[in-house]
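Biologist: I'd like to learn how to read a model feature by feature. Please show me the structure, and then give me a term to start with.

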Amino acid sequence: MQGLMQFHPLMISSAIEFAALYHGDTEVVSRRVEGDIHRSNYATINRRAKQVAQALDALGLAQSARVGTLAWNGYRHFELYYGVSGSGRVLHTLNPRLHPEQLAWIVNHAEDEVLAFDMSFLPLVKAVASKLPTVKHFIALCDAAQLPADSGIPNLQSYEAWLAPNGGDYTWPVFDENLAAGLCYTSGTTGHPKGVLYSHRSSMLHALASAATDVIGICSRDTVLPVVPMFHVNAWGLPYLMPMVGAKVVFPGAALDGKSIYELFESEGVTMSAGVPTVWQMLLAYMDANQLKLSTMKRTVIGGSACPPAMLDAFRDRYGVTVNHAWGMTEMSPLGTFGTLKGTQLHASADAQRATLLKQGRAVFGVDMKIVDGEGHELPRDGVAAGDLMVRGSWIIEQYYRGEGGSILDADGYFSTGDVATLDADGFMQITDRSKDVIKSGGEWISSIDVENIAMAHPAVAMAACIGVRHPKWDERPMLVVVKKPNVEVSAQDILHFYEGKIAKWQIPDAVQFVDAIPLGATGKMQKTKLREMFKEFTLSA
Ligand code: ADP
């Protein structure tokens with residue numbers, strides 16, 4: 001017997017339509033690349049997103065046609081999120097930090113037909129435009145007056161001129177919820193990047209699950225500043241979740257330095273934010289140097305890379321901000337786990353609570369997780385056994401775009417994350433490493449994250465990465481690469497002494513190398529492949 005309830009397809013457009021109806025005057029504030037602060041609201045965003053849909057119809061774009069965006073977090077990008085997906089096309093967010101060759105490769109692979117870009121990326125688009133045969137329309141996200149006369153880019157229009165002829169009198173269409181809505185390529189450390197194709201259903205289920213109080217848990221009384229870019233994994237789904245709950249939105253645009261973020265936090269009354277550790281490092285450094293306080297911020301979500309313990313402590317002890325650690329990946333829309341304490345843990349000691357919060361969190365409802373050994377056998381959930389982390393769920397990848405990489409699930413439908421992790425009895429997952437970053441010393445695994453976290457707590461260390469280097473006896477031993485804080489003196493010996501008593505002796509790095517900067521990837525993560533390349537000739541003596 002079947003249930004007798006209505007079926008309504010889950011449509012991305014429903015989130016903005018809902019916000020327009022019930023939170024129409026709730027503000028959407030953006031720092032524009034032009035430098036000024038722009039104020040809009042959900043009712044206006046919905047109307048203009050409908051104008052985008054009409055403009056795409058006018059171009060004759062078919063269902064599922066790909067529309068590329070090269071843009072920072074801002075109201076126009078937000079309108080494209082809804083106008084493109086809501087009208088049945090696919091929003092393909094492009095990472096502007098990629099090398100131009102790689103960017104062109106991705107646009108061509110996706111066969112984007114339209115490319116909408118912020119004016120700050122005009123030189124980049126100029127450089128690649130002739131290599132993008134499928135792109136028939138270039139839209140600059142600006143007013144008609146700002147459009148350069150002789151850009152050399154074919155069919156270039158300003159976004160405002162493109163929208164203007166359309167009145168926004170448009171009803172969002174309803175179609176199969178499994179239709180593709182968004183496309184994002186993984187940065188991929190080897191081979192070509194691979195596309196992850198989200199559906200309306202997967203994006204809406206992800207947003208609904210992340211709305212839970214134990215997960216992102218924002219509400220209509222929050223003001224949210226997504227630092228995490230809309231050009232990578234849909235800014236962790238926040239562009240869908242914020243309108244669903246009617247939260248005020250503050251978009252930071254291109255200015256992600258500590259001062260600019262701090263100013264917006266204070267001037268707009270931001271209560272909640274989300275981003276990768278590197279951004280928070282800049283904010284903390286700015287606030288420390290200028291002895292500033294945060295007056296409205298309550299909570300920040302840190303993910304994308306492990307949150308260093310020193311960062312959690314600084315936010316909590318010096319600024320009264322709760323840090324929630326989250327983990328996920330492009331292939332997971334991205335959320336897999338979220339770090340909030342359970343009721344049974346509220347009476348644990350402060351140290352035990354801190355240790356729990358530093359783990360990557362527990363599974364969000366809707367995500368199945370297991371850890372397995374090299375033969376695929378499931379390992380115990382005892383917080384000790386570490387194995388390959390596998391995941392399954394309705395917002396997790398089944399196949400890469402155009403079938404790249406072939407079949408990627410195990411017999412039970414689990415996807416291998418490439419992370420090495422433990423799971424404890426309370427369900428908390430802790431990443432000990434990415435499978436390719438783990439250091440194998442004499443057959444024993446050393447977690448590069450543990451080694452880095454200790455270094456990050458040293459007062460003279462601004463950034464630290466641990467990589468394996470060749471060793472005649474142990475095959476591989478850990479080496480620490482350090483960027484010092486400005487104007488401080490510290491020796492390799494000082495840093496190595498700092499490890500004593502904090503980690504097993506055999507896990508202490510064999511060497512420390514100082515560098516001016518650690519290469520960061522397109523999403524702000526340390527690029528250990530580059531470091532390994534830099535130090536590939538480095539051999540330790542026995
Ligand atoms: P890429 O790093 O290739 O751009 P993603 O942005 O999808 O890909 O990142 C996913 C990876 O980032 C995860 O597999 C994991 O290794 C790492 N990661 C994400 N969040 C965390 C976290 N909280 N702690 C440690 N590692 C994390």
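Modeller: Let's start with accessibility: a residue is buried under 20% relative accessible area, exposed over 50%, and partly exposed in between, with a 1.4 Å probe and protein chains only. The model is predicted, so local features need pLDDT of at least 70 and side-chain atom pairs pLDDT 80 or more, while totals for chains, interfaces and linings use all residues. Residues are numbered from 1 along each chain as its sequence is written, and side-chain values use heavy atoms, without hydrogens or water.

Biologist: Is Arg 89 buried or exposed?

Modeller: Arg 89 is buried, at a relative accessible area of 4%. Its side chain also has a charged partner: Arg 89 forms a salt bridge with Asp 57, and the closest N and O atoms are 2.9 Å apart. A salt bridge here is a Lys or Arg side-chain nitrogen within 4 Å of an Asp or Glu carboxyl oxygen. This pair links distant parts of the chain, 32 residues apart: Arg 89 is in the loop between H3 and E4, and Asp 57 in helix H2 (residues 42-58). Asp 57 is partly exposed, with a relative accessible area of 39%. The labels come from DSSP runs numbered from the N terminus, with H or I runs of at least four residues as helices and E runs of at least two as strands.

Biologist: How many salt bridges does the structure hold?

Modeller: The structure holds 33 salt bridges. Another one joins Glu 177 to Arg 201, with 3.3 Å between the closest N and O atoms. Glu 177 lies in the loop between helix H6 (159-163) and E8, and Arg 201 in helix H7 (residues 200-210), so this bridge ties together parts that are 24 residues apart in sequence. Glu 177 counts as buried at 7% relative accessibility, whereas Arg 201 is partly exposed at 30%.

Biologist: And which side chain does Arg 316 meet in a salt bridge?

Modeller: Arg 316 meets Asp 317, at 2.9 Å from N to O. Arg 316 is partly exposed, with a relative accessible area of 38%, and Asp 317 counts as exposed at 53%. Elsewhere, shared partners join Arg 32, Glu 34, Asp 36, Arg 48, Arg 76, Glu 79, Asp 143 and Glu 160 into one salt-bridge network.

Biologist: Let's turn to helices. How do I read one?

Modeller: An α-helix has 3.6 residues a turn, so residues three or four places apart point the same way. Length gives you a simple check: the expected span is 1.5 Å times one less than the number of residues. For the 12 residues of H3 that gives 16 Å, and the end C-alpha atoms are 16 Å apart, which agrees.

Biologist: How many residues of H3 are buried?

Modeller: In H3, 12 of the 12 residues are buried, so the helix is largely enclosed by the rest of the structure. Among them are Tyr 75, Arg 76, Phe 78 and Glu 79. Just after H3, Gly 88 takes a positive phi of about 95°.

Biologist: How is empty space inside a model found?

Modeller: Rolling a probe the size of a water molecule over the atoms shows where empty space is left. A cavity is a set of points, on a 1 Å grid over the protein atoms alone, where a 1.4 Å probe fits but cannot get out; lining residues have an atom within 4 Å of a point. Points are joined across faces, edges and corners, and the volume is the space filled by probe spheres set on them.

Biologist: How many cavities of 30 Å³ or more are there?

Modeller: The count comes to 2. The largest cavity holds about 130 Å³ of space. Its lining has 16 residues, with Arg 31, Arg 32, Val 33, Gly 74 and Asp 118 nearest the centre. Strand E1 (27-31) and helix H3 (75-86) each give two or more residues to this lining, and H3 has the largest share, 3 residues. The lining divides into 6 nonpolar, 5 polar and 5 charged residues. Here Ala, Val, Leu, Ile, Met, Phe, Trp, Tyr, Cys and Pro are nonpolar, Asp, Glu, Lys and Arg charged, and the others, including Gly, polar.

Biologist: What lines the second largest cavity?

Modeller: That cavity, of about 100 Å³, is lined by 14 residues, with Asn 95, Leu 98, Ile 106, Tyr 185 and His 232 nearest its centre. Strand E4 (90-93), helix H4 (100-110) and strand E8 (180-185) each contribute two or more residues.

Key. On a 1 Å grid over the protein atoms alone, a cavity is a set of points where a 1.4 Å probe fits but cannot get out, and a pocket is an open set with protein on both sides within 12 Å along at least five of seven lines; lining residues have an atom within 4 Å of a point.
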